[in-house]
Amino acid sequence: MANGIIFDIKRYAIHDGPGIRTTAFFKGCPLDCRWCHNPEGKKCEPETIIVRNRRKGSGKYKKREKETFGRMVTVEDLMTEIRKDAIFYDQSCGGITFSGGEPMMQMDFLNAVLRACKSDGFSTALDTCGHAPPDDFERISGLVDFFLYDLKMIDDGRHMKCIGVSNSLILDNLVMLSEKGHRIILRIPLIPGITDTDANLADILKFIESIKNVNEISLLPYNKLGEDKLGKFGMKNILGPLQTQTRAELDLKAARFRSRGYKVQIGG
Ligand code: SF4
């Protein structure tokens with residue numbers, strides 16, 4: 001049976017889909033977003049990073065220490081963790097969310113864990129960046145109750161510049177999943193001046209209005225956690241410090257989609 005590499009498991013998660021969920025974070029991502037909030041999840045293999053944690057109170061950095069991100073697990077190891085909270089999934093209409101990184105970078109392992117979840121009767125969600133072969137989506141889509149599908153930018157030139165790859169596969173897979181009638185919650189990370197611009201949101205609205213079956217949208221306010229991690233890991237922050245959107249700004253962006261009939265949530 002396939003083994004996998006995960007770098008975190010979050011229990012009692014309430015922002016990764018409906019109800020109370022357990023979220024498993026898989027290592028490896030095919031994208032290179034400039035604002036990545038999980039830089040420790042990008043490489044496929046476990047990695048040791050020299051970290052500088054801040055001292056409580058003073059905010060100053062402590063001595064550097066080595067920390068390893070990512071560990072090999074079997075399907076049964078992960079299922080043991082997942083089963084610990086089974087009672088909460090039932091009571092809250094929650095379940096399991098697979099996130100990362102990009103879980104589809106570990107297809108055999110993902111497929112095996114999804115099968116095990118279905119055999120236990122758990123609801124499953126896949127948080128995906130969409131950049132994966134269409135055949136891989138075909139392979140697992142029957143085991144996924146809904147997709148948390150990240151859509152960042154429509155302008156392909158800007159997508160390549162800020163994310164490192166073309167968005168054509170991402171858009172094609174979104175169309176394919178929507179045509180097959182899968183439940184999709186579209187997640188738009190709002191990066192100040194990059195993805196949260198009027199022009200980009202207008203482009204996204206135009207694109208989703210041209211496809212079927214996307215009715216739910218989560219607008220994800222800019223998360224400064226990524227900046228903190230870059231400081232802690234001693235990595236370069238290319239974008240510099242950015243400001244999270246105000247509530248009024250978020251409401252305005254949400255209103256734009258709501259006025260066209262979409263169900264919009266601010267946050268995960
Ligand atoms: S898709 Fe997510 S994990 Fe991958 S580079 Fe972008 S922000 Fe990071």
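H1 and H3 lie oblique to each other, a label left for angles that are not under 35 degrees (roughly parallel), over 145 (roughly antiparallel) or 65 to 115 (roughly perpendicular). Their axes come within 10 Å and cross at roughly 45°. Axes here are lines fitted to C-alpha atoms over the stretch in contact, with angles from 0 to 180 degrees between N-to-C directions.

Who touches whom? The table shows the two sides, with contact meaning heavy atoms within 4.5 Å.

| Helix | Span | Residues in the contact |
|---|---|---|
| H1 | residues 75-83 | Val75, Leu78, Met79, Ile82 |
| H3 | residues 107-119 | Phe109, Ala112, Val113, Ala116, Cys117 |

By class, that contact has nine nonpolar residues, no polar ones and no charged ones.

This is a predicted model: local features need pLDDT of at least 70, side-chain atom pairs count only at pLDDT 80 or more, and totals for chains, interfaces and linings use all residues. Residues are numbered from 1 along each chain as its sequence is written, and side-chain values use heavy atoms, with hydrogens and water left out.

## The whole chain

Zooming out, the chain has nine helices and 11 strands, counted as DSSP runs (H or I, at least four residues, for helices; E, at least two, for strands). The C-alpha atoms fill a box of roughly 50 × 45 × 35 Å along the principal axes. Of the 268 residues, 51% are buried, that is, under 20% relative accessible area with a 1.4 Å probe, protein chains only.

How values were computed. Nonpolar A, V, L, I, M, F, W, Y, C, P; charged D, E, K, R; others polar. Buried < 20%, exposed > 50% of the residue type's maximum accessible area, 1.4 Å probe, protein only.
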